[in-house]
Amino acid sequence: MDRMDSIPPEVRRLFEASEARRQELAALPWEQKIRIVVGLQRMAAPILRARGLDVMPWELDETPEEAART
């Protein structure tokens, strides 16, 4: 018996969607991956600053259109 056979269908769909998303992200060009990381840094910065940490997200040379995508 395969271990996936005992998993409920809803959970199986979640695993499959997670794997599909991971594949999509892996296929992105590295420039887009860096933009995503910087976006996450910008989102986390206020929370970390509120905790008393000194954080500075990376700066990117980008056009306003590129900045809007992150």
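Tutor: Helices are DSSP runs of H or I with at least four residues, numbered from the N terminus. The model discussed here is predicted.

Student: In which helix is Gln 32 found?

Tutor: Helix H2 covers residues 30-50. Gln 32 is found in helix H2.

Student: Is Gln 32 buried or exposed?

Tutor: Buried means under 20% relative accessible area. Gln 32 has 18% relative accessibility, so Gln 32 counts as buried.

Student: With which side chain does the side chain of Gln 32 make a polar contact?

Tutor: The buried residues of H2 include Gln 32 and Arg 35. At 2.9 Å, the side chain of Gln 32 makes a polar contact with the side chain of Arg 35.

Student: Which residues make the nonpolar surface patch?

Tutor: Helix H2 gives the largest share of the patch, three residues. The patch has an area of about 360 Å², and its members are Leu 25, Ile 36, Leu 40 and Met 43.

Student: How does Leu 40 count, and at what relative accessibility?

Tutor: Leu 40 is found in helix H2. Exposed means over 50% relative accessible area, buried under 20%, and partly exposed in between. Leu 40 therefore counts as partly exposed, at 49%.

Student: What distance does H2 reach from its first C-alpha to its last?

Tutor: H2 has 21 residues, and at 1.5 Å a residue 30 Å is expected. The helix comes close to that, reaching 31 Å.

Student: Where in H2 does a kink lie?

Tutor: The kink is about 35°. It comes shortly before the proline Pro 46, at Ala 44.

Terms used. Residues numbered from 1 in each chain as written. Predicted model: local features only at pLDDT ≥ 70, side-chain atom pairs only at ≥ 80, totals over all residues. Heavy atoms only, no water. Patch = residues over 30% accessible without salt bridge, like charges linked within 9 Å, V, L, I, M, F, W, Y side chains within 5 Å. Areas by Shrake-Rupley, 256 points an atom, 1.4 Å probe, with all protein chains shown as cover. Salt bridge = Lys/Arg side-chain N within 4 Å of Asp/Glu carboxyl O. Helix = DSSP H or I, 4+ residues; strand = E, 2+ residues; numbered from the N terminus. Buried < 20%, exposed > 50% of the residue type's maximum accessible area, 1.4 Å probe, protein only. Expected span 1.5 Å × (residues − 1). Bend = angle between axes of the 7 residues up to and from the residue. Polar contact = N/O pair within 3.5 Å; in protein donor to acceptor, adjacent residues only side chain to side chain.
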